[in-house]
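Subject: Structure handover

Hello,

Please find the structure below. My notes on what was found in it follow.

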Amino acid sequence: MTLRWTDTRHRGTDDLVRLLGVGALFWTLTGCAPITQASPGRQASQQAMLATSPAVAMATAQREVDQYLSELRDRFNGETADPRGSRDPTLRIQQAFEQDREGAPAILEMQCRTTLCRLRTTGDPSDVGQVLHRALPSLSGHFSASVMTQERVASESAQTTVYLLRKQPGSRR
Amino acid sequence: MMVRRALAVLTALWVALLPLPAGAAQWDTKHYHGSLCQPNNDEDDLYRWYTTGTRNKGESRFAHLICPIVRDNTTNTNGALVRVTVREVDRGGWCSLHAMAWPDPSTVISAWGAWEGGGIKIVELQLHSSFKHGHYSLWCTISEGSSVISYWVAERLPSDANN
């Protein structure tokens, strides 16, 4: 599984008109709608899933998740520190957690590098995800996407690591 | 005159093609009614469901919604594209799209998008990665009087060369 990132864009009414234009153009050129029924390829992959034992399927899927996270860690570790450019995004993240409701997860550590920031917090990803979602208006100017995972720590308390993809200057990403 | 008209047609075609995602991707698209979105606030009476979607009928509160997505392509790892259509009164709002891992959903990839001002808005959220056998979830926060009208989900087909 190759590491890929995300792109978010906000569109206005003009884009709706464009989308309708695309649909009409596609229909005109191909004579068919871009909607398909379950394809033989999809049926085959679903059959393969059913034919695999749940334990094997789970182990394979978990390996792929671990590999994805390992690639993400390597990417973060390979980037250089960005102390000047990271002041504002760091502040926004700190405010998001401090201003959230009582009992919300707390930040344990935060580091920003060239394209990624890494955040370690208390709490599980479900709680951390809620904090980030609630603070999205103030964060979306600095970040476009995140990857969260629960750390397997020896202690009882859950910890979450979040990688945040920084928006680059002049980019809509 | 003819040259200008030809240029205008070509420009219109170019503009129309701009929103298409890059590459020769093959997509399986579905369009869901906004009334599928479920409330995630403490008070259920903050919401009303209409033919025009799920509306926040509160007077001064943001409403948090979770909107279900049926994942058809359960094995691709290159994500999905979602476009949410909202009728925004004034204050703006935001959505986030999540790809959860399977079997343990505590690893999550998220894409974020926000809008400002009033009118019909479309927010596009694109995940370039997803987890085999995992699921998707869409969360939206809308201001008082605003509605999620519908949301459009595009998944890559298994026959897609980029799949």
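Two strands are taken to pair if DSSP finds at least two bridges between them. By that criterion β7(B) and β10(B) pair in the antiparallel sense, over 7 bridges. In this pairing M100(B) stands opposite H135(B) in β10(B). Bear in mind throughout that the model is predicted.

The chains

Chain A has 6 helices and 5 strands. From the N terminus on, its elements run β-α-α-α-α-β-β-α-α-β-β. Chain B has 1 helix and 11 strands, and along the sequence they follow the pattern α-β-β-β-β-β-β-β-β-β-β-β.

In chain A, 25% of the 173 residues are buried; in chain B, 45% of the 163 residues are. For contacts between residues at least 6 apart in sequence, the share that joins residues at least 24 apart is 61% in chain A and 76% in chain B.

The sheet

On the chain A side, β3 (residues 116-122) and β5 (residues 159-166) run antiparallel and are joined by 7 bridges. L116(A) stands opposite L165(A) in β5(A).

On the chain B side, β10(B) also pairs with β5 of chain B (residues 63-68), in the antiparallel sense and over 6 bridges. Here I66(B) stands opposite W139(B) in β10(B). Strand β10(B) is mostly covered, with 6 of its 8 residues buried.

Helices on the sheet

Why is α5(A) described as largely enclosed by the rest of the structure? The reason is that 7 of its 10 residues are buried, and a residue counts as buried if 20 or more other C-beta atoms lie within 10 Å of its own. The buried residues of α5(A) are P125(A), V128(A), G129(A), V131(A), L132(A), H133(A) and R134(A).

The core

The largest nonpolar core has 61 residues. Those with the most contacts inside it are V82(B), V84(B), C95(B), L138(B), C140(B) and V148(B). Strand β8 of chain B (residues 108-115) gives the most to this core, with 6 residues.

Which residues is L138(B) in contact with, leaving aside its neighbours within four places in sequence? They are C67(B), I69(B), V82(B), C95(B), L97(B) and Y151(B). Of these, V82(B) and C95(B) are also listed among the residues with the most contacts inside the core.

Regards

Note on methods:
Residues are numbered from 1 along each chain as its sequence is written. Chains are lettered from A and ligands numbered from 1 in the order in which they are written. This is a predicted model: local features need pLDDT of at least 70, side-chain atom pairs count only at pLDDT 80 or more; totals for chains, interfaces and linings use all residues. A nonpolar core is a set of buried Ala, Val, Leu, Ile, Met, Phe, Trp, Tyr and Cys residues joined through C-beta atoms within 7 Å. A residue is buried if 20 or more other C-beta atoms lie within 10 Å of its own, exposed if 12 or fewer, and partly exposed in between; C-beta atoms are placed from the backbone. Helices (H or I, at least four residues) and strands (E, at least two) are DSSP runs, numbered from the N terminus. Two residues are in contact if their C-beta atoms, placed from the backbone, lie within 7 Å.
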